Amino acid sequence: MSEWKKTSCVLCFSNCGLEVTTEGSKILKVRADKDNPRSHGYICRKGANIAYFQNNPERLKYPLKKVGGRFERISWKQVLDEIAAKLKEIVERHGPRSVAYMGGGGQGCHFEAAFGVRFLHGLGSKNHYSPLAQELTGYFWVQGKAFGRQYLHPVPDIAGSNFMVFWGANPMVSHDIPQAPVVLRNKKKEAGFKLAVVDPRVSETAKLADIHLRLKPGTDALLLKAMIKILLTEEGLLDKEYLTGKVNGFEEIKDWFDDVNIEDNCRVCGLEPGQVREFARLLATRKSAWRSDLGILMGRHSTLNSYLELILLALAGRIGVTGGNVFAGHLMPMGSHTPEEDPKTWRTVATNIPLIMGVFPPNVMPEEIDNDHPQRIRAVIVSGSNPLRSYADTNAYERAFAKLDLLVTVEVAMTETAVLSHYVLPARTGYEKWDGTFFQWMYPEYYFDMRPPVAEPEGEPVEEAQIYVELAERLGMIPDYPPELREKAKDRVSYGAALMKLVQANPKAAPWLPFILAKTLGEELGSKNLSALWGLLARFPMMHPEDVTRAGYKPGPLTGEEIFNKIVKTPGGVKIGVVDTESNLNALKTPDKRIHIRFPEMESWVKEVTPASEEAALVNKNFPMILMAGNHMEMVANSIMRDPAWNEGRRYCTMRIHPEDAGKLGIADKDLALIETEAGSATVEAEVTESSHKGQVVIPHGFGLVHGGKAHGVNVNRLAPAQNRDRFAATPLHRYIPCRVRKA
Ligand code: SF4
């Protein structure tokens, strides 16, 4: 058994610091890292059980090829030769749009995307399908219009706030804010602090709230409009100075809300107007910060909800101010800015959805495969992702994937998607390689944590980067570089100078630097991911000199090297920057450095959401109840924890139903219930609880995983119709799936 080693949790974006002991490939013991500068000794039940992820008996060890319906072990050389040849043939025959990459590294390992996306672009394709677009791209589109870049999004400055709003968010369990249980309980002790929750459910966070607006499922847009109207009409609630100095478009949009009747909107939402007015008054007059999550993002009117949220926060003057929602720092943005008006921005060929932040929504992939378009998708590389359980409409995915000419899955364990693949390539887990995430999103100080390997890989799994570099080599994507560059990598100062010379002499080599770094410095360091980090840090101090200075460094040609050395020697994370708290709105990238709130293309959508239209839309005779498909619980870790043993003895996958509904349907607690939607049906144990709203049932995500030859729990995505999605960004509306329920 080893000594305690520092690492971090790969199960959610908080990436809390852990300490583990290991033996070979196994994690033996886990505890919180009290010295971690980001998580300060906090972990939740999931992180404490990380050994169930690492020690999965169904780990993949060798490359596999499907032959006659069964997998056979083959060599790395053979598998990469065959995949490269098939990709070449598909692109030559059908064009680059016929290839897609579905990856991004999930919650703990983002470096694979640096190589996977570059490889995709090398094939001439921009078909990157990402989990970010499962929930966030409508929101990113709004941020891009408002702030000038889709990757700019403000986070709540909780420390500086005295009124904290969580809308459709349950941070006590989902950790929308890091260490939420500790942070919120401490905030509750501050004199005068108030916590407000908007959620149809009595969530764990709602139980702590001073104000809980328990709106009817699906009525968020109506409620947001009512609040905007309150700010527009009631004395002293608009931040006029802020609107004049910082906002563009206010005068043009204010009459869009002339017809809003606050009482009517509240009635359809099932709320008391007085309570809504009180909420709006507190929001407008206090140091209010705001965090919304899937209740908004995956609710009815997803993109519209994000737009109305932007308007409300702008009217209250809460963006870019202390105690409000502020722009955090980052080593690298989570994606690129791809405005749909740019002719270079691709759209999907069958569903006509634009790239937003450089990614397409997984929700439309089955339709992009299963069609007659000459450029339909024929080859998919899935990396660290399990669309057969994680994305809407499993039936549609199964039908579509069966039509692919090539499906390659890069994974740590045999998944439902891997089972359908032509080739399965074993990857190292986040504990067997150098890796990290770009979820800095901290304010004002921000950190970077590059986890060193703490466990030994068993068999032949590799860093994902190696797969893409070797495929790129076979396909001739990597430009020539001087052979002495490999030798120079022993001295990174002269290596950096040689690399710069190379790019100056051949600017076309610049996009391929991740591969050149991997082939030279990556070999020297024993990790291609580390070479990519070094490349990022070489530029970071020049791009953010003020943040770096505030963090205590002297920006200069060797500062990147200094930070790199510090990060490599400091598992748990190193402070790399401190953002400007005085003039936080300097982060804006709009030409006039103002927040833009008039989006002409949204005017009709804003106006069409009325009490009458919504009352009609909320009634569905065939499917009279609403399924909330997927919710965070301490027993849910997406589909990463495949071994169900970590939840043994718990009711981990039930359908939660309100007692009144259960009574009407003759369903008792622990009875089996049949739930049906347009997409499919499932039989599931009922849990009768007042936490669900009347008319709503709730089933968690992340189950239905096959382990030990048996499925555990219900795969809620088999109940989620692909067509039940946002009209603009195609985000699946998992928080609002019409369904019917009866006793099984
Ligand atoms: S799952 Fe828990 S321990 Fe892991 S990062 Fe998230 S909050 Fe931290």
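# Salt bridges, a sheet and a ligand shell

E19 and R31 form a salt bridge, with their closest N and O atoms 2.7 Å apart. E19 belongs to strand 2 (residues 17-23) and R31 to strand 3 (residues 26-32), so this pair ties together parts that are 12 residues apart in sequence. The model is predicted. In it, the count of salt bridges comes to 49.

**Salt bridges**

- In the pair described above, E19 counts as buried because its relative accessibility is 12%, under the 20% limit.
- R31 has a relative accessibility of 36% and therefore counts as partly exposed, a class that lies between 20% and 50%.
- D449 forms a salt bridge with R38, and the closest N and O atoms are 3.1 Å apart.
- This pair links distant parts of the chain, 411 residues apart: D449 is in the loop between strand 19 (445-448) and strand 20 (450-451), and R38 is in the loop between strand 3 and helix 1 (45-48).
- D449 is buried, at a relative accessible area of 9%, and R38 is buried with a value of 9%.
- K743 and D671 meet through their side chains in a salt bridge of 3.6 Å, N to O.
- K743 lies in strand 30 (residues 737-743) and D671 in the loop between helix 28 (659-665) and strand 25 (672-676), so the pair ties together parts 72 residues apart in sequence.
- K743 is partly exposed, with a relative accessible area of 42%.
- A network of salt bridges links E473, R486, K490, K519, E523 and E524.

- Four strands, in the order 11-10-9-13, make up an open sheet with parallel pairing.
- Strand 11 (211-213) and strand 13 (288-292) are the edge strands, each pairing on one side only.
- On average, neighbouring strands of this sheet are turned by 15° against each other, direction ignored.
- Strand 10 (residues 194-198) pairs with strand 11 in the parallel sense over three bridges, and the bridge partner of V197 in strand 11 is H212.
- Helix 8 (residues 220-233) packs on the sheet and touches strand 9 (163-167), strand 10, strand 11 and strand 13; its direction makes about 150° with that of strand 9.
- Helix 12 (residues 273-285) lies across strand 9, strand 10, strand 11 and strand 13, and runs at about 120° to strand 11.

**Around the ligand**

- The ligand is surrounded by C9, L11, C12, S14, N15, C16, I43, C44, K46, G47 and H175.
- The residues of this shell divide into six nonpolar, four polar and one charged.

Definitions and conventions:
Residues are numbered from 1 along each chain as its sequence is written. This is a predicted model: local features need pLDDT of at least 70, side-chain atom pairs count only at pLDDT 80 or more; totals for chains, interfaces and linings use all residues. Side-chain values use heavy atoms; hydrogens and water are left out. A residue is near a molecule or strand if one of its heavy atoms lies within 4 Å of it. Ala, Val, Leu, Ile, Met, Phe, Trp, Tyr, Cys and Pro count as nonpolar, Asp, Glu, Lys and Arg as charged, and the others, Gly among them, as polar. A salt bridge is a side-chain nitrogen of Lys or Arg within 4 Å of a carboxyl oxygen of Asp or Glu. Helices (H or I, at least four residues) and strands (E, at least two) are DSSP runs, numbered from the N terminus. Buried means under 20% relative accessible area, exposed over 50%, partly exposed in between (1.4 Å probe, protein chains only). Two strands pair if DSSP finds at least two bridges between them. Axes are lines fitted to C-alpha atoms, for helices over the stretch in contact, and angles run from 0 to 180 degrees between N-to-C directions. Contact means heavy atoms within 4.5 Å.
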